[in-house]
Amino acid sequence: MKVPDNNRQELTAVYRYSRAELLRILRIVPRQLQTWEKAGLVTASEEYSFFDLVQIKKVRDLCAQRVRPAVIRQSLEAMQKQVAGMENPLLEAGAYSYHQNQGGRRVAFRHQGRLLEPIAGQFMFDFSSEEKKVVTSPPRTGPELVVTDVADLFARGIMLEENPSTQSEAITAYLKVLEMDPIHAAAHINLGTLYYNRQEYSLAEKHYRSAIQIDPRYALAYFDLGNVLDETGRVEEAIDTYKTAIQLAPTYADAHYNIALAYEKIREPRKALQHWRAYVKLDTTGPWTVHAKHQIQRILQGDSLKLVHSRKAN
């Protein structure tokens, strides 16, 4: 089953941070932000969403590890080409810095459980001891952020979620968000994903269904719910749920991939075929495309053999 590393790109941001608040929360100075804006890493604005905040935090941490802004930009563009449909690699894939011989520090991404260096287009083995995942901030000398509202608390949850050692704290933060704002669909999605990764499927399902109840047009919530249903053996119900995700977002490549897998499970390869074909049109070069193309070839060859046997019988 194909499960995105990070689903945040499809969430609708409601709360906004001012430029001054962003500088305060991330402990950066205006000149740093201006440099990243000129490099095309950050869109110049006077207000920012949760996800802008998380993206800028990752840019800050990569720069703190001596990765040049131009290299970050080049890596992001290459990653978007390597994985069709990926709009924002800093939010959708885990970012790492590593040292390339005679090439300075570069960026690699963990996507679908594998490490990819996008500029070279190569998968990588485990990092050496000096390579660092961008999950923590540089040492701070000032006081920690004091959470005063839902916006700050949700953003704090996102940051805690990045590091496996603090994901329990992220769950606590998201539950507190829901206490303060019971119809916060994004908090339900993030909680569902944390519980899903822990294989606590009943809790994951509960939060995904809550997100759908809050926002019935939330394609990501249907996709995630479909994954839970599939994992727990309710394959036909999962198919119906994936169908809804595709109806809401026809170019949702991962939903096409997973519904194709589900049809294969219930031995309906012809129905799977249309979704394998849709997937390879949407993701032409990604690492999962090879499997999808193989499945297309296998199904078509199976149909050819059936046709040959039928003619011989006549």
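A crossing of two helices is left-handed if the near helix is turned anticlockwise from the far one by less than a right angle. In the present model, which is predicted, helix H8 passes helix H9 in such a left-handed crossing. H8 spans residues 185-197 and H9 residues 201-214, and the two pack with their axes 8 Å apart at an angle of about 160 degrees. H8 is therefore roughly antiparallel to H9, since angles over 145 degrees fall in that class. On the H8 side the contact involves Ala-185, His-188, Ile-189, Leu-191, Gly-192, Thr-193, Tyr-195 and Tyr-196, which meet Tyr-201, Leu-203, Ala-204, His-207, Tyr-208, Ser-210, Ala-211 and Ile-214 of H9. The contact of H8 with H9 comprises 11 nonpolar and 5 polar residues, with no charged residues.

The protein chain as a whole contains 14 helices and 7 strands. Of its 314 residues, 50% count as buried. Among contacts between residues at least 6 apart in sequence, 58% join residues that are at least 24 apart.

The axes of H12 and H13 are 8 Å apart, and the two helices pack at an angle of about 155 degrees. This angle makes H12 roughly antiparallel to H13. The crossing of H12 and H13 is left-handed. From H12, the contact draws on Ala-253, Asp-254, His-256, Tyr-257, Ile-259, Ala-260, Leu-261, Tyr-263 and Glu-264, and from H13 on Pro-269, Lys-271, Ala-272, His-275, Trp-276, Ala-278, Tyr-279 and Leu-282. By class, the residues of the contact of H12 with H13 are 12 nonpolar, 2 polar and 3 charged.

Phe-223, Asn-227 and Asp-230 of H10 make the contact with Asp-254, Ala-255, Asn-258, Ala-262 and Lys-265 of H12. The residues of the contact of H10 with H12 divide into 3 nonpolar, 2 polar and 3 charged. Asp-254 is listed in the contact of H12 with H13 and in that of H12 with H10.

Aromatic pairs were searched for across the whole structure, and 6 were found. In one of these, the rings of Tyr-257 and Trp-276 have their planes at 90 degrees and their centres 5.2 Å apart, so the pair is edge-to-face. Tyr-257 belongs to H12 and Trp-276 to H13 (residues 269-282), so the pair ties together parts that are 19 residues apart in sequence. Tyr-257 is buried, with a relative accessible area of 2%, and Trp-276 is likewise buried, at 0% relative accessibility. Tyr-257 and Trp-276 form one aromatic cluster with Tyr-279 and Trp-288.

Positive phi values occur at several arginine residues. Arg-267, which is not a glycine, has a positive phi of about 60 degrees. Arg-267 is placed in the loop between H12 and H13 and is exposed, with a relative accessible area of 76%. Arg-66, also a residue other than glycine, has phi near 70 degrees. Arg-66 is found in the loop between H3 and helix H4 (69-82); at 64% relative accessibility, Arg-66 counts as exposed. Arg-27, which follows H1, has a positive phi near 55 degrees. Within H1 itself (residues 19-26), the buried residues include Arg-19, Leu-22, Leu-23, Ile-25 and Leu-26.

The C-alpha atoms of Lys-58 and Met-159 are 9.9 Å apart in space, although the two residues are separated by 101 residues in sequence.

Definitions and conventions
Residues numbered from 1 in each chain as written. Predicted model: local features only at pLDDT ≥ 70, side-chain atom pairs only at ≥ 80, totals over all residues. Heavy atoms only, no water. Contact = heavy atoms within 4.5 Å. Helix = DSSP H or I, 4+ residues; strand = E, 2+ residues; numbered from the N terminus. Nonpolar A, V, L, I, M, F, W, Y, C, P; charged D, E, K, R; others polar. Phe/Tyr/Trp six-rings, centres within 6.5 Å; stacked < 30°, edge-to-face > 60°. Buried < 20%, exposed > 50% of the residue type's maximum accessible area, 1.4 Å probe, protein only. Axes fitted to C-alpha atoms, helices over the stretch in contact; angles between N-to-C directions. Parallel < 35°, antiparallel > 145°, perpendicular 65-115°, else oblique.
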